[in-house]
Amino acid sequence: MPQLRPFAQVDVFTAQPYLGNPLAVVLDGSGLNDAQMQGFARWTNLSETTFLLPPTPEAAAQGADYRVRIFTPGGELPFAGHPTLGSCHAWLEAGGAPQAKDRIVQECAKGLVQICRDGSRLAFAAPSFQRKNPSPGLLAQVAHALGLTAKQIISAQHLSNGTDWLGVLVDDMQSVLQLQPDHPALKNLGVKVGVAAVDSARAAPDSIASKLEVRAFAALNGINEDPVTGSLNASLAQWLIADEYMPASYVVHQGTCIQREGRIHIREDASGQVWVGGDSVTCIRGSATL
């Protein structure tokens, strides 16, 4: 029988409500099957809906505090960034107590994800990722669908950390902001595309105030433009810092063209671990009948 379950809707990567990326969180997903979770995620019609569960015994033994399952309207994801921070925010706000003093450990299908408090924000450790060069033919088709010329593209990489993106670095912020993509064409190509630009091709290595402008196009998942994208920015950061396009600390602006003001705080620590941080705000608290 359906039951009332604690529910929150959280705005992620913003300190001001309704300017970030919304996330639906069912704080007690116990007893729900895959079809019930998927049906509710389809009904919320948000980019992601999460269901919190106790960690598996194996994960708990490794320090996991809770388990999360992440659903889009079309399917389950092994990992995603804004659901990680938003779910952790909702779990803590509901009284969750982590095993460790300095870390919250989330279990998801990708594995265990470390989350820390970075001042007033939460930040997750960017998971391991893979990168490879796209084929010239695919890149040319993607550029055409985006309305970019070959000269505008500085570099591009296939990026995968549980979610897959084609990352494209272009030569100018205005080139990013003025894009009017052919979304059906991108969907037919079978790729999600993240486009980024800095003020110049390479940022000064000692700069800590660098800004990256990002747009994310995911018609493949039924979302023409994602407001603020944690998983994409995690992989972008690992790529762009490693290849010295960005310094070890910078701020991402995303959502500008769709009236959002998403802010993602990137930081690489002394060990080389990239952390992806941001504010979260709970906008709705209540119960869901599931």
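Me: Which residues do ring pairs link into a cluster?

Reply: Happy to start there, and please keep in mind that this is a predicted model. The structure holds six aromatic pairs. One of them joins F7 and F40, edge-to-face, at 6.1 Å centre to centre and with 90° between the planes. The cluster that ring pairs link consists of F7, F40, W43, F51 and F71.

Me: How many residues apart in sequence are the parts that the pair of F7 and F40 ties together?

Reply: F7 belongs to strand β1 and F40 to helix α1, so their pair ties together separate parts of the sequence. F7 counts as buried at 13% relative accessibility, and F40 is buried at 9%. The parts they tie together are 33 residues apart in sequence.

Me: What kind of pair do the rings of F40 and F51 form?

Reply: F40 and F51 are both buried. This pair links distant parts of the chain, with F40 in helix α1 and F51 in strand β3, eleven residues apart. The ring centres are 6.3 Å apart and the planes stand at 70°; over 60 counts as edge-to-face, so this pair is edge-to-face.

Me: Where on helix α1 do its buried residues lie?

Reply: Helix α1 covers residues 34-44, and its buried residues are M37, Q38, F40, A41 and T44. Looking down the axis, these buried residues fall within an arc of 165°, so they line one face of the helix. A35 and W43 are exposed on the other side of α1. The place asked for, then, is one face of the helix.

Me: Is F13, with its positive phi, buried or exposed?

Reply: Most residues other than glycine have a negative phi. F13 has a phi near 65° and sits in the loop between β1 and β2. Its relative accessible area is 0%, and under 20% means buried, so F13 is buried.

Me: And Q259, is that residue buried or exposed?

Reply: Q259 also has a positive phi, near 60°. Its place is the loop between β15 (249-254) and β16 (262-268). The relative accessibility of Q259 is 64%, so this residue counts as exposed.

Me: Which residue lies over the face of W165?

Reply: The distance from the ring centre of W165 is 4.5 Å. The residue lying over that face is K192.

Note on methods: Residues are numbered from 1 along each chain as its sequence is written. This is a predicted model: local features need pLDDT of at least 70, side-chain atom pairs count only at pLDDT 80 or more; totals for chains, interfaces and linings use all residues. Side-chain values use heavy atoms; hydrogens and water are left out. Buried means under 20% relative accessible area, exposed over 50%, partly exposed in between (1.4 Å probe, protein chains only). Helices (H or I, at least four residues) and strands (E, at least two) are DSSP runs, numbered from the N terminus. The arc is that of the directions from the helix axis to the C-beta atoms. Rings of Phe, Tyr and Trp (its six-membered ring) pair if their centres lie within 6.5 Å; planes under 30 degrees apart count as stacked, over 60 as edge-to-face and the rest as tilted. A charge sits over a ring if NZ of Lys or CZ of Arg is within 6 Å of the ring centre and within 35 degrees of the ring normal.
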